[in-house]
Amino acid sequence: MVFYYVLKHGLLRRADIEKIRFFFGATADELFLSRRWPLITAIDWPRALLSPSYAGALVAWLKYRAELYEGGSG
C-alpha cells in the first residue's frame with residue numbers, strides 16, 4: 001500500500017540522492033540525529049504494506065519531512 005501512495009502523491013519525483021541518504025541515515029555529518037535514528041526505523045513496515053490508512057498517513061508524514069528538508073515549511 002505504501003508504494004501505491006508514494007507513487008500517487010509523486011514523492012519519487014521529489015526524491016534526490018540527499019533525501020534518500022537522509023532517509024536511510026547515511027548522512028555525511030555524524031552529529032545528525034538522523035544518523036543515529038534514521039527515518040526508516042520509524043516506519044512499521046508490515047503495517048505500511050498492508051494498511052491503507054497507515055500508508056496514507058505515512059506518505060503525508062513523508063511529504064511533510066521532505067518539505068522540511070527543502071526548507072518549505074517549518
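The model is predicted, so local features need a pLDDT of at least 70 and side-chain atom pairs count only at pLDDT 80 or more, while totals for chains, interfaces and linings use all residues. Residues are numbered from 1 along each chain as its sequence is written, and side-chain values use heavy atoms, with hydrogens and water left out.

The protein chain contains six helices and zero strands; helices (H or I, at least four residues) and strands (E, at least two) are DSSP runs, numbered from the N terminus. Along the sequence, the pattern is accordingly α-α-α-α-α-α. Of the 74 residues in the protein chain, 30% are buried. Here, buried means under 20% relative accessible area, exposed means over 50%, and partly exposed lies in between (1.4 Å probe, protein chains only).

Helix H5 covers residues 45-50. Arg47 counts as partly exposed because its relative accessibility is 45%. The C-alpha atoms of Arg47 and Met1 are 9.1 Å apart in space, although 46 residues separate the two in sequence. Trp45 also belongs to helix H5, and its relative accessible area of 30% is the reason why Trp45 is classed as partly exposed.

Trp45 takes part in a nonpolar patch on the surface together with Phe3, Leu49 and Leu50. Patches are made of residues with over 30% relative accessible area and no salt bridge; like charges are joined within 9 Å, and nonpolar side chains (Val, Leu, Ile, Met, Phe, Trp, Tyr) within 5 Å. A salt bridge is a side-chain nitrogen of Lys or Arg within 4 Å of a carboxyl oxygen of Asp or Glu. The four residues of the patch have about 440 Å² of accessible area together, a value from the Shrake-Rupley method with a 1.4 Å probe, in which only the protein chains shown count as cover for residues. Helix H5 gives the most to this patch, with three residues.

The loop between helix H4 (33-36) and H5 holds Thr41. Thr41 is partly exposed because its relative accessibility is 49%. Thr41 and Gly25 lie 16 residues apart along the chain, and their C-alpha atoms are separated by 9.4 Å.

Two further helices show how elements pack. The axes of helix H3 (residues 17-24) and helix H6 (residues 52-70) come within 11 Å and cross at roughly 120 degrees. H3 and H6 are therefore oblique to each other.

Note on methods: Axes fitted to C-alpha atoms, helices over the stretch in contact; angles between N-to-C directions. Parallel < 35°, antiparallel > 145°, perpendicular 65-115°, else oblique.
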